[in-house]
Amino acid sequence: MKQLLIILLTLSVNITAIAQEYELSDKRKAVKTSGDILLVAMPLSTLTAVLIEKDWTGLKQAAFSTATTLGTTYLLKYTIKKQRPDYSDNHSFPSAHTSIMYANAAFVQRRYGWKFGAPAYVVATYVAWSRVYGKKHDWWDVVAGAAIGAGSSYIFTRPFSQKYDLQIAPVTDGEHFGVSASLTF
């Protein structure tokens, strides 16, 4: 996990230095690009740490969290069809960048504690901010993405899923699709 923190800190410092060299419109591009880079770097860092630790249970939990996050996010994107602030397309709600980053941060926090989770949440928040600053999303797009991502990881990452006997199943009537969840309290 120390490698994860070192990689993320190095990326953040380098990205910030690059962003400061550009004018405002170029700065927006640099910030947006830095968010795109972190979108790949942080999950890869987490995956590397999980593999180094040989945490196979954690890997399975992360896979379920990621699949739920992506499925929910893209189902909403293609159902709601909200226009982006930069008018590039109509897939603004919710922010996929944010949902992925918050799923990753919540997984790290739930699985390995706040020592690693707090920095992961800082990076996830930066990526969410970069999406708003880069004019790709409004603030409610990133709030919804954060809730979807963190919620998915909180559901699947122990101790929550084991303690409360969580059961999740896909539901369809042939025309509509959804997810059913039940908990034992």
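## The largest pocket

A pocket, as the word is used here, is an open set of grid points where a 1.4 Å probe fits, with protein on both sides within 12 Å along at least five of seven lines. In this predicted model, the largest pocket has a volume of about 280 Å³. Its lining is made up of 16 residues, and those closest to the centre are Pro 43, Ala 62, Ala 63, Thr 66 and Asn 104.

The elements that each give two or more residues to this lining are α2, α3 (56-80) and α4 (96-112), and α3 gives the most, with seven residues. Sorted by class, the lining of the largest pocket holds 10 nonpolar and six polar residues, and no charged ones.

The largest nonpolar core has 21 residues, of which Met 42, Met 101, Tyr 102 and Ala 105 touch the most other members. Two or more residues of this core come from each of α2, α4, α5 and α6 (139-156), and the largest share, seven residues, is that of α5. In soluble globular proteins, nonpolar side chains tend to be buried together. Met 101, when its neighbours within four places in sequence are left aside, is in contact with Leu 38, Leu 39, Met 42, Pro 43, Val 123, Ala 124 and Val 127.

Helix α4 is largely enclosed by the rest of the structure, because 13 of its 17 residues are buried. The end C-alpha atoms of α4 are 24 Å apart, which agrees with the 24 Å that its 17 residues should span at 1.5 Å a residue. Just after α4, Gly 113 takes a positive phi of about 95°.

Helix α5 (residues 114-133) has 20 residues and reaches 27 Å from its first C-alpha to its last, close to the 28 Å expected at 1.5 Å a residue. The buried residues of α5 include Phe 116, Ala 120, Val 123, Ala 124, Val 127, Ser 130 and Arg 131. Just after this helix, Lys 135 takes a positive phi of about 65°.

Lys 32, which lies in helix α2 (residues 24-53), touches Ser 130, Arg 131, Gly 134 and Lys 136, not counting residues up to four places away in sequence. Although Lys 32 and Arg 131 are 99 residues apart in sequence, their C-alpha atoms are 6.3 Å apart in space.

Gln 61 lies in helix α3 and counts as buried because its relative accessibility is 3%, where the class requires a value under 20%. Leaving aside neighbours within four places in sequence, Gln 61 is in contact with Phe 107, Arg 111, Phe 156, Thr 157 and Arg 158.

Ser 92 is found in the loop between α3 and α4, and at 0% relative accessibility this serine also counts as buried. Beyond its neighbours within four places in sequence, Ser 92 is in contact with Lys 77, Lys 82, Gln 83, Arg 84, Pro 85, Lys 136, His 137, Asp 138 and Asp 141. The C-alpha atoms of Ser 92 and Val 142, which are 50 residues apart along the chain, are separated by 9.3 Å.

Conventions: Residues are numbered from 1 along each chain as its sequence is written. This is a predicted model: local features need pLDDT of at least 70, side-chain atom pairs count only at pLDDT 80 or more; totals for chains, interfaces and linings use all residues. Side-chain values use heavy atoms; hydrogens and water are left out. Helices (H or I, at least four residues) and strands (E, at least two) are DSSP runs, numbered from the N terminus. Contact means heavy atoms within 4.5 Å. On a 1 Å grid over the protein atoms alone, a cavity is a set of points where a 1.4 Å probe fits but cannot get out, and a pocket is an open set with protein on both sides within 12 Å along at least five of seven lines; lining residues have an atom within 4 Å of a point. Grid points are joined across faces, edges and corners, and a volume is the space filled by probe spheres set on the points. Ala, Val, Leu, Ile, Met, Phe, Trp, Tyr, Cys and Pro count as nonpolar, Asp, Glu, Lys and Arg as charged, and the others, Gly among them, as polar. The expected span of a helix is 1.5 Å times one less than its number of residues. Buried means under 20% relative accessible area, exposed over 50%, partly exposed in between (1.4 Å probe, protein chains only). A nonpolar core is a set of buried Ala, Val, Leu, Ile, Met, Phe, Trp, Tyr and Cys residues joined through side-chain atoms within 4.5 Å.
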